[in-house]
Amino acid sequence: MLTLNVEATKLLKQLKNIVGDSVVTFPKLVNRSAEIIVKDMKDGASKGVDITGQKFKSLNPITVKKKKLKGFSRPSLPLTATGQMTGSFKAGGTGAYVKKRASAKKNFAEVSAPNVKAPYGIFHNEGIDPLPKREWFGVPTISEQKSIKLFELEIDRLLRG
């Protein structure tokens with residue numbers, strides 16, 4: 001099963017030192033970070049790049065030919081044929097999604113792959129033989145940078161009062 005948690009626990013402990021005893025929760029920021037992660041995973045797959053920004057290994061020419069015969073619109077692009085696994089080029093409910101949202105009492109959100117609709121996603125993500133590793137699920141590098149910026153802006157806002 002592919003899932004990951006987007007947490008703010010360590011950050012919240014450090015923030016107590018900065019802003020004193022006031023209760024600081026960031027559920028909106030955590031949820032926004034989870035949404036950024038989902039979007040960036042889908043965008044990366046649709047561009048043919050993994051979560052580190054590296055191009056996916058090319059498909060075997062036989063696979064491309066089979067995908068052409070089935071009428072897929074982008075037969076040479078890995079992991080995007082039906083959209084069930086990565087959600088590339090598909091709107092609503094396909095691909096990775098925010099499974100659990102953060103709240104005032106729970107400072108984490110959970111992002112999940114479509115483990116029921118597309119259980120084969122784990123094989124692609126981990127590169128289980130004979131499939132090459134194409135790491136489409138996880139926290140994309142670009143998402144980390146965007147989320148850090150989001151939290152920095154909120155910390156600046158808190159410090160300004």
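**Exercise 1. Determine where Pro-130 is placed and which residue a cis peptide bond joins to Pro-130.**

Solution. Step 1: In this predicted model, Pro-130 belongs to the loop that lies between helix H4 (121-126) and helix H5 (141-160). Step 2: The cis peptide bond joins Asp-129 to Pro-130. Step 3: The omega angle of this bond is about 10°.

**Exercise 2. State how far the prediction can be trusted, and name the elements with the lowest and the highest mean pLDDT.**

Solution. Step 1: The protein has an average pLDDT of 87, and 86% of the residues score at least 70. Step 2: Helix H1 (residues 9-19) has the lowest mean pLDDT among the elements, 66, while H3 has the highest, 96. Step 3: Where pLDDT is low, predicted coordinates should not be read in detail.

**Exercise 3. Give the strand order of the open sheet and explain why one side of S1 and of S2 is left without a neighbour.**

Solution. Step 1: The sheet has 3 strands in the order S1-S3-S2, and the pairing is antiparallel. Step 2: Strand S1 (3-7) and strand S2 (97-100) are at the edges; each has a single partner strand, so one side of each has no neighbour in the sheet. Step 3: Neighbouring strands are turned against each other by 35° on average, direction ignored. Step 4: S1 and strand S3 (residues 108-112) run antiparallel and are joined by 5 bridges. Across this pairing, Asn-5 stands opposite Glu-110 in S3. Step 5: Strands of a sheet pair through backbone hydrogen bonds.

**Exercise 4. Identify which strands helix H2 lies across, and its angle to S3.**

Solution. Step 1: Helix H2 (residues 27-47) lies across S1, S2 and S3. Step 2: The helix runs at about 20° to S3.

**Exercise 5. Describe the largest pocket: its volume, its lining by class, and the residues closest to its centre.**

Solution. Step 1: The volume of the largest pocket is about 530 Å³. Step 2: The pocket is lined by 23 residues, of which Leu-59, Thr-63, Lys-67, Leu-79 and His-124 are the closest to the centre. Step 3: Sorted by class, the lining consists of 11 nonpolar, 8 polar and 4 charged residues. Step 4: Helix H3 (residues 61-69) supplies the largest share of the lining, 4 residues.

Key:
Residues numbered from 1 in each chain as written. Predicted model: local features only at pLDDT ≥ 70, side-chain atom pairs only at ≥ 80, totals over all residues. Heavy atoms only, no water. 1 Å grid on protein atoms, 1.4 Å probe; cavity = no way out; pocket = protein on both sides within 12 Å on 5 of 7 lines; lining within 4 Å. Points joined across faces, edges and corners; volume = space filled by probe spheres on them. Helix = DSSP H or I, 4+ residues; strand = E, 2+ residues; numbered from the N terminus. Nonpolar A, V, L, I, M, F, W, Y, C, P; charged D, E, K, R; others polar. Pairing = 2+ DSSP bridges. Axes fitted to C-alpha atoms, helices over the stretch in contact; angles between N-to-C directions. Contact = heavy atoms within 4.5 Å. pLDDT = per-residue confidence, 0-100.
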